[in-house]
Amino acid sequence: MANHKSAIKRIRRNEAARLRNRYQHKTTRNAIKRLRTTTDASVAKELLPNVVSMIDKLAKRNIIHKNKAGNLKSNLMKHVNSLVA
């Protein structure tokens, strides 16, 4: 067990941040999955900006790596563009 008041507070903060990060990451993964399984171009075009925004926020907060975010966005753009064409 932690011996310092600040260490105890840090443990509480880390757990809260871990749960928040996990929730945001899982929500984004579900949104990505929904976009990838979509075959309707108009629905995909509506979903894409929201999903890209979610991915950018995760990368900004270091929940995912910035290169992974770029790769995800690139693949999703290719998918949406293939539906339009």
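Colleague: What makes Asn62 exposed?

Modeller: In this predicted model, Asn62 has a relative accessible area of 68%. Exposed means over 50%, so Asn62 is exposed.

Colleague: Where is the place of Asn62?

Modeller: Asn62 sits in the loop between H2 and H3.

Colleague: What is the phi of Asn62?

Modeller: Phi of Asn62 is near 60°, a positive value in a residue other than glycine. Most residues other than glycine have a negative phi.

Colleague: Why is Thr28 counted as buried?

Modeller: Thr28 has 4% relative accessibility. The cut-off for buried is under 20%, so Thr28 counts as buried. Thr28 lies in helix H1.

Colleague: With which residues is Thr28 in contact, leaving aside its neighbours within four places in sequence?

Modeller: With that exclusion, Thr28 is in contact with Met54, Ile55 and Leu58.

Colleague: Which are the buried residues of H1, and against what do they pack?

Modeller: Thr28, Ala31, Ile32 and Leu35 are the buried residues of H1. The buried residues of H1 pack against helix H2 (41–60) and helix H3 (66–84).

Colleague: How do you know that the span of helix H1 agrees with its 33 residues?

Modeller: Helix H1 covers residues 5–37, and at 1.5 Å a residue its 33 residues should span 48 Å. The end C-alpha atoms of H1 are 49 Å apart, which agrees.

Colleague: Why is H1 called roughly antiparallel to H2?

Modeller: The axes of H1 and H2 come within 10 Å and cross at roughly 150°. Angles over 145 degrees count as roughly antiparallel, and that makes H1 roughly antiparallel to H2. H1 passes H2 in a left-handed crossing.

Colleague: How many nonpolar, polar and charged residues has the contact of H1 with H2?

Modeller: The contact of H1 with H2 has ten nonpolar, four polar and one charged residues. Among the H1 residues that meet H2 are Gln24, His25, Ala31 and Arg34; the H2 residues that meet H1 include Ala44, Leu47 and Val51.

Colleague: What makes H2 and H3 roughly antiparallel?

Modeller: H2 and H3 pack at an angle of about 175°, with their axes 10 Å apart. The cut-off is again over 145 degrees, and H2 and H3 are therefore roughly antiparallel to each other. The contact of H2 with H3 has 14 nonpolar, no polar and four charged residues. Residues making this contact include Lys45 and Asp56 of H2 and Lys66 and Lys73 of H3.

Methods
Residues are numbered from 1 along each chain as its sequence is written. This is a predicted model: local features need pLDDT of at least 70, side-chain atom pairs count only at pLDDT 80 or more; totals for chains, interfaces and linings use all residues. Side-chain values use heavy atoms; hydrogens and water are left out. Helices (H or I, at least four residues) and strands (E, at least two) are DSSP runs, numbered from the N terminus. The expected span of a helix is 1.5 Å times one less than its number of residues. Buried means under 20% relative accessible area, exposed over 50%, partly exposed in between (1.4 Å probe, protein chains only). Contact means heavy atoms within 4.5 Å. Axes are lines fitted to C-alpha atoms, for helices over the stretch in contact, and angles run from 0 to 180 degrees between N-to-C directions. Angles under 35 degrees count as roughly parallel, over 145 as roughly antiparallel, 65 to 115 as roughly perpendicular and the rest as oblique. A crossing is left-handed if the near helix is turned anticlockwise from the far one by less than a right angle, and right-handed if clockwise. Ala, Val, Leu, Ile, Met, Phe, Trp, Tyr, Cys and Pro count as nonpolar, Asp, Glu, Lys and Arg as charged, and the others, Gly among them, as polar.
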